[in-house]
Amino acid sequence: MLFRSGLLAVLGALVFAELSTRVPGHGGIFRYIHAAFGPLPAFLYGWANWLVIQAGALGVVALVLVDHVVMLIGGRGAHISADAQVALAVGVMLLFTVTNLFGLAVGKRVQNALTVTKVLMIAWLACCAFFVAPQATDAVKDRKSTRLNSSHTVISYAVFCLKKK
C-alpha cells in the first residue's frame, strides 16, 4: 500500500512537472485549467478552490493541530469535547488570519518561527529515537526476534508504540 501511494505521488509530481513545462507562467492549476478548458472552468475552479478546497484543508489542519496540542499538554489519553475542539480550531484559524492581516513581514516572521520550530522538533525526535532505542530491545525480545541492528530497533520500537494505541 505504501509503495502504491508513493508511486501515485511520483506520477502526480511528474504530471505537474510536464504541465509546468507546457503551460509556463504563474497560477498553477488555475492556469492549466484555463489553457485546457477556457476561462469559465478556470474561474469556477478558482472560486471552488478558495471557498471549499483550501478552506476545508485549513479546517482539517487546524483540528489536527488542536488535537496534537491537547495531547502534548494533557498527555496521551487527554481528550476534549468535539465542540471545544472545533472552537479552538476556529480560534487557531482566526489567529493566523489576523497575523497575516498585519502584513507580509509579520506573517513571514511567524512562518519562519514555525518552520524553525518544526525542524527542531524533527531533529529532537530523531535524537530521541537513538536514546530510546535501547529500551526497545526488550519489546523486540518479547517477540522472539533474532539479529538486531540499530535501525531494526528504532523501527521495532516505533511499531511497538503504534500497536499500544
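Q: Which helix supplies the largest share of the lining of the second largest pocket?
A: That's α3, with eight residues of the lining. Keep in mind that this is a predicted model.

Q: What makes a residue count as part of that lining?
A: It needs an atom within 4 Å of a point of the pocket. For the second largest pocket, 16 residues pass, and Val-61, Leu-65, Val-92, Phe-96 and Leu-114 lie nearest its centre. Besides α3 (39–74), α4 (82–101) and α5 (104–142) each put at least two residues into the lining. The space in this pocket comes to about 360 Å³.

Q: How do the residues of the lining divide into nonpolar, polar and charged?
A: Eleven are nonpolar, four are polar and one is charged. Val, Leu and Phe count as nonpolar, so Val-61, Leu-65, Val-92, Phe-96 and Leu-114, the ones nearest the centre, go into the nonpolar group.

Q: Which residues meet where α2 packs on α3?
A: From α2 come Ile-29, Phe-30, Ile-33, His-34 and Phe-37, and they meet Pro-39, Pro-41, Ala-42, Phe-43 and Tyr-45 of α3. That contact divides into nine nonpolar residues, one polar and no charged.

Q: What makes α3 and α4 roughly perpendicular?
A: Their axes come within 8 Å and cross at roughly 115 degrees. The perpendicular class runs from 65 to 115 degrees, so α3 and α4 are roughly perpendicular to each other. This crossing is right-handed.

Q: Which residues of α3 and α4 meet?
A: On the α3 side you'll find Leu-58, Gly-59, Ala-62, Leu-63, Leu-65, Val-66 and Asp-67, and they meet Gln-85, Val-86, Leu-88, Ala-89, Val-92 and Met-93 in α4. Ten of the contact residues are nonpolar, two are polar and one is charged.

How values were computed. Residues numbered from 1 in each chain as written. Predicted model: local features only at pLDDT ≥ 70, side-chain atom pairs only at ≥ 80, totals over all residues. Heavy atoms only, no water. 1 Å grid on protein atoms, 1.4 Å probe; cavity = no way out; pocket = protein on both sides within 12 Å on 5 of 7 lines; lining within 4 Å. Points joined across faces, edges and corners; volume = space filled by probe spheres on them. Helix = DSSP H or I, 4+ residues; strand = E, 2+ residues; numbered from the N terminus. Contact = heavy atoms within 4.5 Å. Axes fitted to C-alpha atoms, helices over the stretch in contact; angles between N-to-C directions. Parallel < 35°, antiparallel > 145°, perpendicular 65-115°, else oblique. Left-handed = near helix turned anticlockwise from the far one by under 90°.
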